[in-house]
Structure formats: structure tokens, C-alpha cells
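Subject: Structure handover

Hello,

Here is the structure you asked for. My notes follow below it.

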Amino acid sequence: MLLEPKDLLEKLEFDKILELTQNECYGELGKHQVMAIRPDLSKVVIERKLLQVEEYVQSLSSTERFPMSSYQDLSKDLRMLEVVDYVLPEEGLKRINQTLVVIKEVYHYFTSSRQELYPTLYDIIRPVMFDESLQKAIEKVIDEEGNIKPDASPELMKIRKAIISKNKEMDKQFRSIIATNRNKGWLTDNVESYRNGRRVLSVPSEHKRKIRGIIHDESTTGKTAFIEPEAIIDINNDIFDLETDEKREIYKILKELSAVLRPYVPVIRKYQKLMIQFDVIQAKARLAKQFDGQRPVIKSKPHLGIRDAYHPLLLLKNKELQRNTIPFDLKLIGQNRLLMLSGPNAGGKSITMKSVGLLQLMVQSGMLIPAHPLSEFGIFEHIFADIGDQQSLEDDLSTYSSRLENMRKFLNGANEQTLILIDEFGSGTDPKIGGAIAEAILREFNFKKVFGVITTHYSNLKVFAFKAKGIVNGSMMFNKEALTPTYELKIGRPGSSYAYEIAEKSGLSNKILKYAKHKTGENEKAVDELLMDLQREKKEVEDQLVAMAEREKKLQRLIKNYENLHKDLEYKRKKLKLQEKESALQQTQRDNKDVERLIREIREEKNLEKAKELAMKVREEKAALSQNVVGLKDTIYAQDTKKTRKPIAVGDFVKLRSGGAAGKVESINKNKAIVMMGIMKMTVNIRDLAHANEPLPINKTKGIQTNTIASSAKFESKLDIRGLSREESLKVLETFVDKALMTNVNSLKIVHGKGNGVLRQAVLRKLREYKDISNVYHPPAESGGDGVTMVDIG
């Protein structure tokens, strides 16, 4: 990601956000990681980081919080542990054990319910398995304080018992010696001390020859001698030897433990990385909780749709001072990409502009922000900012020269993926010339289709923003009566600087203000007022156009719905006509018998001419009716084919459109198909066939045994398909009805819920396929109403 200038993070105060986050970390490694946070460009990565922080914030509100605690840097310990035969000291083992203890608690924290509650956090540890044998191996040797346990090995336990025994023996002997010599007045008030690791008596110098033993030291004044009594020299020597054995045994234990841990160094490094990652996440979460941070909607392309947002640092400061903070809304979408922000000094222009940049950096860095959760943020590849005094003594640049240098860099690197933030655009030189140059630069920025927020006082820039597509004016509101800013952002109209009003409030004399107004004339103020009026009228026209476009869309939808309804109605009308014609044809065929009977009677009467005439008339009527039926079939079946859009192929299961059993297509020749139905083959026109489900398998054994009474007893006549998808529901329903028909059940109850009615309609359509179903209806409202379908069979 390209950030200009180099100190942009400091200009937008992102470094202060990182410092606040750093203060919430448990370990130094986490703090270093936080200070190294930079914005990301991947939508997937950004959304994952935001979800991780959001889930951690949720865990902070639960009774059992995430088990994070302090940890230390293991880098040096692990690097030394990799060296063959290196013996890790007790302190190093304590640090490793501390990390393992926390990681173990983290793994135990993610129970099955929490895995579902915090899936993104759980995904962090999912790829890495925790080996509890590591911690057990360390805890067998090291206690919670980091000291070697007395029972770390049988030999060590034996040595320490011997040391304890010798110390008791020394205590007994020493107390006896002290009592004897104190009665003789040969000891000082301190009685005893330690010198060179030995327990000694504090003896006045004049009595040091009276006590047999070894003089280890004398006081700086020479008045006291420190003597190890002869009676305990052997005991001290034994203790010294035992302590040497103890050190040797501890070294051996640590060496063996280091050898056990050495192969697991890569795994322990992974555990440390997990600790750092969770530390950074929890730090972000704790900071977000301070200003009620929310996760916004992330868009893959440049986009700004900010709602009820605050500058996080200002919000925290005002919260501490118990002051109110004013939120702002900002939408830069579609054609509007640049906001030209104007208004009075100290009205909040700069803080609003910096808020946009800071919130964008925080979002792309995976941090929750103080804004409405429905706020929308796109992803920018470049962020450029020109804020504050850019004067440079090292580069011999004045303030204005340095700003022009920034503009040159911005123009060279700007594209559609760029967000620019410019404060007091065009200032620093002659207003007329500076305004003209600023307008030319703004024109070029707009041509490159960059996004951004620019603050200014120049009227020519406000006018240009009004005329140019892609730029919209905005202002910080000002209370004219109280002459104080309200800090509210208003999009769609330019703002006035209110320079004369503020100057008058500051106490400047009327004489000075009168002269200044005379020099500027009334035109300057008139331009601002005219621009505001034009902007307001433009906004009204744009709102009307948007409303008209919305009405146009609704009208198009209505027309489309009407056309679909008309087609459906026409289809149903033709289908009804077909049914009537088919019924008439069937009636005609039934009447044929009467006609034939009549013909026989006429023949018997020898009136052949009348018989021929009557037979011809009947044949013509039948042919016309058949032709009409065929035409209607072609029309309706053609529409059915368009709906299904799946041609019949060899191997498909089909049935006659007029009804009947299902069969399998064996071959197709032009417009006819040979269909195998059970043991019978039929040659049928393809247009008379429709796709069907595979029929239930037939038991081919000679004897068929059924027990419909037992089946009916076991069959549950109620089916609940709520929560299933449409496809799943229809499949379950088909199996359910098939079983019901086989078990001679008289009525069924299907619970599908009300919802938007889609599932209910699908159920009704499916039930119409069964000829054995005599009635389908919904029960009264108290019994479920439209959410339940009742079925009568038989």
C-alpha cells in the first residue's frame, strides 16, 4: 500500500491509535506487533481480522472470558535450545512453561459450543494441535515459581533429604555452642552470621583465641571476628558436598529435559506466534470496547458510506471530560467521489477530514471503528494526505512550495484506487493565483477519478465543485445567532467562512470591519449565497430524478408482472379449452355407438344414401375436433417444454401427459419414443410424454406378503418440513405420501409454516400429482391455518 507523505500515519494520528492499542497488550512481543500494524489490501484478510476482533469483544461480555495473561519472549531460549547439548536454565524453562500453560487454557476454552460461537477465533488454533506432554514434562521438573521440584528425580530427593538432615544436626550443635559461649561472654550481640557460605559465630576480637575453629572474616573495624566452630566444620563440609551433588543432579535433570524439548522447538515457536496473535486481537478488542467499536461492511472496490461516525481519539477525550461528541455521515458513492468541504474556521472541517482518513486506515488494519455497523468502507491502494505546515528547512522548501511538491507526487501516483485528504487547499500564496492553481489540480484529480475530502475557503473551488460531475460540496454548520459552530456535516451545500461575524465577536472595532467590508464589496458574500441557492436547487432536482428513476423501475416491474400474468392466463385458458375439446371428443366417441346403431337400422331399411351421408358428417366432425385437440396440445405442450427446457432422452423416466404409470425410454426415432412400462412396450409421440420420477421397485419373488395393518400402526401421519429447503422438502414429501398410499391411511397432516408462502405453494403443486388424493385444505387459524395443509386420501 502506498502512503504519502512518509509521515502520513502521524498526520492522521494513526500512531496514537497504535499506542493506545499497545497499552492493552500483555507481552512485549504483542506490543512490537501492534506498532508494526499496517493497512491491508485483501478484502478476505480484512474481513477475517475484523471478525476476530468482533468475536473477542463478544467474549469480553461473557461470564467466562478468554484466558489471556502475561507471557515472555521465548526467542532467545528457543534459539539456544536448538544447540545440541545446550542445557536450558530454570528461568528459560519457566518462561516456556508459562506460555504452554496459557496456550493450554486457550485450547480448553474452545469447547464445542464456543467453537460455534467464535468460529473465526477458533480457526486460528484449529491447524495447530496442542501437545500436553510438553507441559507435563516441564511441570514434572519445575514448580509454579520456576524452581526445581524436590522429587524431580529419586537421586535429587535422596540428596535433599540428606541436606535437610545435616542442617538439623548443625542447628542442634550450633545452638549448644552458642549457649556455652554466650554464658562465658565470648559472643557479640549479633551472635551468628554467614561468611563464605558457612555459618559462623560473631566473636569479639579479644576472645577470638578462646574459641577453637576457623576464622573466615573480620569486621571492617577489626573489633569482630567471624569464626566457624571446630565442632561443626565436618557438618558444614558434608553439607557443602551434598549441595555440590545437588547442583550436579539438577544439571543432569535439566540436560535431560532440554533434550526432550529440543525436537519440539518449531512447535513451541508456533505456540508463541499464537500467543502474539491473540494478544494483538485482544488489545484491539479492548480498545474497541472503550469507544463502542463496530465492524462495518467491507466493499472490494473504493467506496465510502460512513454513518454516525466519530473521530476515535476525540470521542475518547470528550468521554473522559464528559463532553458530547457530534457524529457525522459521509457517502461518496456513484458519481460523487470528491467532497469539497467548506465552512468557518474551528468549525470541524479538518477533524472531519482526518476522521475519514483515520477510520479508513483502522478498517484496512482490521480494527473496529466508532461508527454505525451498516457503514460501508471500500479498499484503497493509495492514501495521500496534505495536512498542516509542510515547511522544510533541510530541503529549502517554503510552506507553499512543499505543498506543491506534495501535489506533484499525488498527481503522479493517483488513480481510481486512491483516497486523497487535503487541508486548506490552495492556501499559502496569493489567493487569486493559489485558487486558480488549486482548481487546475482539482480538475486533474477529478479526471483521474480519485476519492477524497478537501477543505477550502476559496469560492472558485466551491463553484467548480458545483459545476463538475464527481465533486460534491459540503459544509460544517454554523449557528448564526450564537456565532458558534455546531460541528455538524451537511452534504450538498457549500459553507460560508463567516469571517466578518467571527471577527465582530472577537472584538474588532466597527471601523476596521466597515473598511474591510468596503474593500471586499458585496459580491463576495453574494457569490456564497447564490452558490448555496443553486446547490439547494440542484439537490432538489437530483432527488426528483432519483425518485422518478425509482418509479420507473417499479413501473417496469409491474409491466413485467402483468405480461407474465397475461401469459399464464392465456396458457390456462387454452388448457381449459383443450380439456373441454377432449371431453367433447370423448363424448363423440361414446356417441359413435349410437350412430353405428342408427346406420345398421338404416341399412336394414335399405336407405344406403342416407347412411353414407350421415357417416360422412360424423367423420368430418370427429376429424375437425381431433385436429382442434391436436393444435391445442401442440400449443400447451410447447409452453410446458419451454418451462422445463429439458428434452426427453434415452434412459429418462417418463409418463403420459394425460396420466398413468411411469416408464423408461428405450429408444427415440424422430418424434416418437419407445417406452418400457413394466413388461409392456409402447410407441408414443414425444410431445405426449412428460418427465417423471423413477417408479418404486417391484418385488419379483413369487410370493408377496404384506401387512398393511402393522404398517398403518407404525406410520406417522404427520410431517414437519419447516427449516428444510424447497428441494429437500419435496423429496421428503414424496416419500411420505408414497408410504401413506401403501399403508391405507385416510388423512395426512403436513406442517410447512407460513413464511412467504413459497413452500406452501410447492407442497400444493406436488399433491396435485396424486390422483388418489381426494381433498386438500388448510385447517382453521387456531389449528395452524395457512401454515398447515390437511390431505384426505380415497
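Strands β16 (residues 653-656) and β17 (residues 662-669) run antiparallel and are joined by three bridges. Two strands pair if DSSP finds at least two bridges between them. Across this pair, K655 stands opposite A662 in β17.

Before the rest, two notes on the source. This is a predicted model, in which local features need pLDDT of at least 70 and side-chain atom pairs count only at pLDDT 80 or more, while totals for chains, interfaces and linings use all residues. Residues are numbered from 1 along each chain as its sequence is written, and side-chain values use heavy atoms, with hydrogens and water left out.

**The sheet**

β16 and β17 belong to an open sheet of five strands. The order is β19-β18-β17-β16-β20, with antiparallel pairing. β19 (680-685) and β20 (689-691) are the edge strands, and each pairs on one side only. On average, neighbouring strands of this sheet are turned by 45° against each other, direction ignored.

**The whole chain**

The chain has 24 helices and 24 strands. Of its 794 residues, 40% are buried. Buried means under 20% relative accessible area, exposed means over 50%, and partly exposed is in between (1.4 Å probe, protein chains only). Take the contacts between residues at least 6 apart in sequence: 68% of them join residues at least 24 apart. Contact means heavy atoms within 4.5 Å.

**Helix α4**

Helix α4 (residues 43-60) has 18 residues. From first C-alpha to last it reaches 26 Å, close to the 26 Å expected at 1.5 Å a residue. The expected span is 1.5 Å times one less than the number of residues. The buried residues of α4 include V45, I46, L50, V53 and Y56. Q52 and E55 are also among them. Their cover includes α6, α8 (119-125), α12 (265-290), β6 (297-298) and α14 (349-364).

How accessible is S59? Its relative accessibility is 0%, so S59 counts as buried. Leaving aside neighbours within four places in sequence, S59 contacts E64, R65, F66, Y109 and Y118. S59 and Y118 are 59 residues apart in sequence, and their C-alpha atoms are 8.4 Å apart.

**Two helix pairs**

Two packed helices are described by the angle and the distance between their axes. Axes are lines fitted to C-alpha atoms, for helices over the stretch in contact, and angles run from 0 to 180 degrees between N-to-C directions.

Start with α10 (residues 154-183) and α11 (residues 233-261). Their axes come within 9 Å and cross at roughly 160°. The two helices are therefore roughly antiparallel. The cut-offs are under 35 degrees for roughly parallel, over 145 for roughly antiparallel and 65 to 115 for roughly perpendicular, with the rest oblique. The crossing of α10 and α11 is left-handed. A left-handed crossing has the near helix turned anticlockwise from the far one by less than a right angle, and a right-handed one has it turned clockwise. Residues that meet include L156, I159 and I163 in α10 and I235, I239 and L242 in α11.

N181 also lies in α10. N181 counts as buried, because its relative accessibility is 7%. Not counting residues up to four places away in sequence, N181 touches W186, L187, L201 and I211.

Now α16 (residues 431-447) and α17 (residues 459-467). Their axes come within 9 Å and cross at roughly 25°. α16 and α17 are therefore roughly parallel. The crossing is right-handed. G435, A436, A438, E439, L442 and R443 of α16 make the contact with N460, L461 and F464 of α17.

**Backbone points to check on screen**

Most residues other than glycine have a negative phi, and most peptide bonds are trans. The peptide bond from E4 to P5 is cis, with omega near -5°. P5 is in the loop between β1 (2-4) and α1 (8-11).

D85 has a positive phi, near 70°. D85 sits in the loop between α5 (75-81) and α6 (90-109). Its relative accessible area is 52%, so D85 is exposed.

D308 is not a glycine either, yet its phi is positive, about 45°. D308 lies in strand β7 (residues 304-309). D308 counts as partly exposed, at 37% relative accessibility.

Best wishes

Terms used:
Helices (H or I, at least four residues) and strands (E, at least two) are DSSP runs, numbered from the N terminus.
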